[in-house]
Amino acid sequence: MAKYIVQIIMVGATAVGRAFTRALKQEIAASQQAAQRAGGGREGAKSAATSAKSGITIEEAKQILNIKDQHIDPKELQEKYDFLFKINDKAKGGSFYLQSKVYRAKERLDAELAAQDKQPPKKGTESDESKVNS
């Protein structure tokens, strides 16, 4: 009887171990893909860290706020945020959950814009060329 119980426990532990290993591999692959989509290298790592901290990716934030362009326009971001935030106001019959998602999406894109502003201009941009020609 004890022999069968031990066998059942071993089979169960093996199944759980395999499932855990598979889930861990998938999580690592997803994390690496997210870092590559964010630009790879240090920039990708920073973006992935910000996504992990805020709990929302740039792609998800753009999808929530219905921003199609790769480049984020602060004016368009603010307009879409204002519209979606007001339309989901609980006092007007909206959803507090959706309003929170809209707020978090704007917060994530604002963090991305702030990070882009802190980066020095890349070589070959207009600002570098104007300094050279001056």
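Relative accessible area sorts residues here into buried (under 20%), exposed (over 50%) and partly exposed (in between), computed with a 1.4 Å probe and protein chains only. The model on screen is predicted, so local features are reported only at pLDDT of at least 70 and side-chain atom pairs only at pLDDT 80 or more, whereas totals for chains, interfaces and linings use all residues. Residues are numbered from 1 along each chain as its sequence is written, and side-chain values use heavy atoms, with hydrogens and water left out.

Of the 134 residues, 17% are buried.

Next, select Leu 65, Leu 77 and Leu 109, the residues with the most contacts inside the largest nonpolar core, which has 13 residues; such a core is a set of buried Ala, Val, Leu, Ile, Met, Phe, Trp, Tyr and Cys residues joined through side-chain atoms within 4.5 Å. Helices α3 (58-64), α4 (74-87) and α5 (96-118) each supply at least two residues of this core, and α5 gives the most, with four residues. Centre on Leu 65: leaving aside neighbours within four places in sequence, its contacts include Leu 77, Lys 80, Val 102, Lys 106 and Leu 109, a contact meaning heavy atoms within 4.5 Å.

Two of those partners lead on to the salt bridges, of which the structure holds five, each defined as a side-chain nitrogen of Lys or Arg within 4 Å of a carboxyl oxygen of Asp or Glu. Select Lys 80 with Glu 76, whose side chains meet at 3.7 Å, N to O; the two are separated by about one helical turn because they are four residues apart in helix α4. Lys 80 counts as partly exposed, at 25% relative accessibility.

Move to helix α5 and select Lys 106 with Asp 110, four residues apart in that helix, where the closest N and O atoms of the salt bridge are 2.7 Å apart. Asp 110 is partly exposed, with 30% relative accessibility, whereas Lys 106 is buried at 13%.

Finally, select Arg 108 and Glu 112, also in helix α5 and four residues apart, whose side chains form a salt bridge at 3.3 Å, N to O. Arg 108 is buried, with a relative accessible area of 1%, and Glu 112 is buried as well, at 15%.
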